[in-house]
Amino acid sequence: MAPFAMLAVFLGALTAIVTATPMDGGEIEVLEKRVTHTGKATYYYPGLGACGETDGNDDPVVAISHLIYGSGGNCFQYMQITNPATGTSQYAKTVDECEGCGQYDIDLSPSLFKSLGAPLSQGVINGVEWHFMAKGWSP
């Protein structure tokens with residue numbers, strides 16, 4: 001392997017550093033670097049979600065793109081969502097997948113959508129920023 005290629009592989013690995021923390025029973029929990037995503041937010045009327053939980057319009061819940069949902073590894077994981085237009089941030093629990101969403105788009109319960117400073121009549125919040133919180137974290 002060429003020296004430059006080896007350096008590129010090393011630097012790539014270095015930028016994806018993870019931290020290992022011992023847990024009960026000697027298990028290791030891997031904490032990934034927080035990545036903020038930008039997409040559009042729409043709203044939906046929750047019910048029985050793909051994660052197996054039934055939620056309502058007043059619950060702060062979110063559906064993530066089917067492109068990220070996969071086999072449900074982010075079920076019940078909280079995320080922080082920010083509407084840059086209003087500067088408002090909220091926390092929401094991931095409970096469903098959104099088949100019609102682009103990769104970084106999210107679908108919010110009506111109360112969550114409104115709490116970000118947008119009326120339901122607006123329909124879409126463009127440029128919303130969000131990231132997952134550490135697994136097990138809750139507000």
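**Disulfides, cores and side-chain pairs**

Author: Cys 98 and Cys 101 form a disulfide in this predicted model, with their sulfur atoms 2.1 Å apart.

Reader: Which hand does the link of Cys 98 and Cys 101 have?

Author: The link is right-handed, with 80° about the S-S bond.

Reader: Are Cys 98 and Cys 101 buried or exposed?

Author: Cys 98 is buried, because its relative accessible area is 9% and the limit for buried is under 20%. Cys 101 counts as buried too, at 8% relative accessibility.

Reader: How many disulfides does the structure hold?

Author: The structure holds two disulfides. Cys 51 and Cys 75 also form one, and their sulfur atoms lie 2.0 Å apart.

Reader: Where in the chain are Cys 51 and Cys 75?

Author: Cys 51 is in the loop between strand 3 and strand 4, while Cys 75 is in the loop between helix 2 (66-69) and strand 5. The pair links distant parts of the chain, 24 residues apart.

Reader: Which hand does the link of Cys 51 and Cys 75 have?

Author: That link is left-handed, with -85° about the S-S bond. As for accessibility, Cys 51 counts as buried at 14%.

Reader: What is the pairing of the bonded cysteines, numbered in sequence order?

Author: Numbered that way along the chain, the pairing is 1-2, 3-4.

Reader: Let us change topic. How many residues does the largest nonpolar core have?

Author: The largest nonpolar core has 19 residues. Met 79, Ile 81, Ile 106, Leu 108 and Ile 125 are those with the most contacts inside this core.

Reader: Which strands and helices each supply at least two residues of this core?

Author: They are strand 4 (61-65), strand 5 (78-83), strand 7 (106-108), helix 3 (110-115) and strand 8 (125-132). Strand 8 gives the largest share of the core, four residues.

Reader: How does the accessibility of Tyr 43 and Tyr 45 count?

Author: Tyr 43 counts as partly exposed, at 25% relative accessibility, whereas Tyr 45 counts as exposed, at 54%.

Reader: And charged pairs: how many salt bridges does the structure hold?

Author: The structure holds one salt bridge. The side chains of Glu 53 and Lys 93 meet in it, at 3.1 Å from N to O.

Reader: Where in the chain are Glu 53 and Lys 93?

Author: Glu 53 is in the loop between strand 3 (37-43) and strand 4, and Lys 93 is in strand 6 (residues 88-98). The pair links distant parts of the chain, 40 residues apart.

Reader: Is Lys 93 buried or exposed?

Author: Lys 93 is buried, because its relative accessible area is 18% and buried means under 20%.

Definitions and conventions:
Residues are numbered from 1 along each chain as its sequence is written. This is a predicted model: local features need pLDDT of at least 70, side-chain atom pairs count only at pLDDT 80 or more; totals for chains, interfaces and linings use all residues. Side-chain values use heavy atoms; hydrogens and water are left out. A nonpolar core is a set of buried Ala, Val, Leu, Ile, Met, Phe, Trp, Tyr and Cys residues joined through side-chain atoms within 4.5 Å. Buried means under 20% relative accessible area, exposed over 50%, partly exposed in between (1.4 Å probe, protein chains only). A salt bridge is a side-chain nitrogen of Lys or Arg within 4 Å of a carboxyl oxygen of Asp or Glu. A disulfide is a pair of cysteine sulfur atoms within 2.5 Å.
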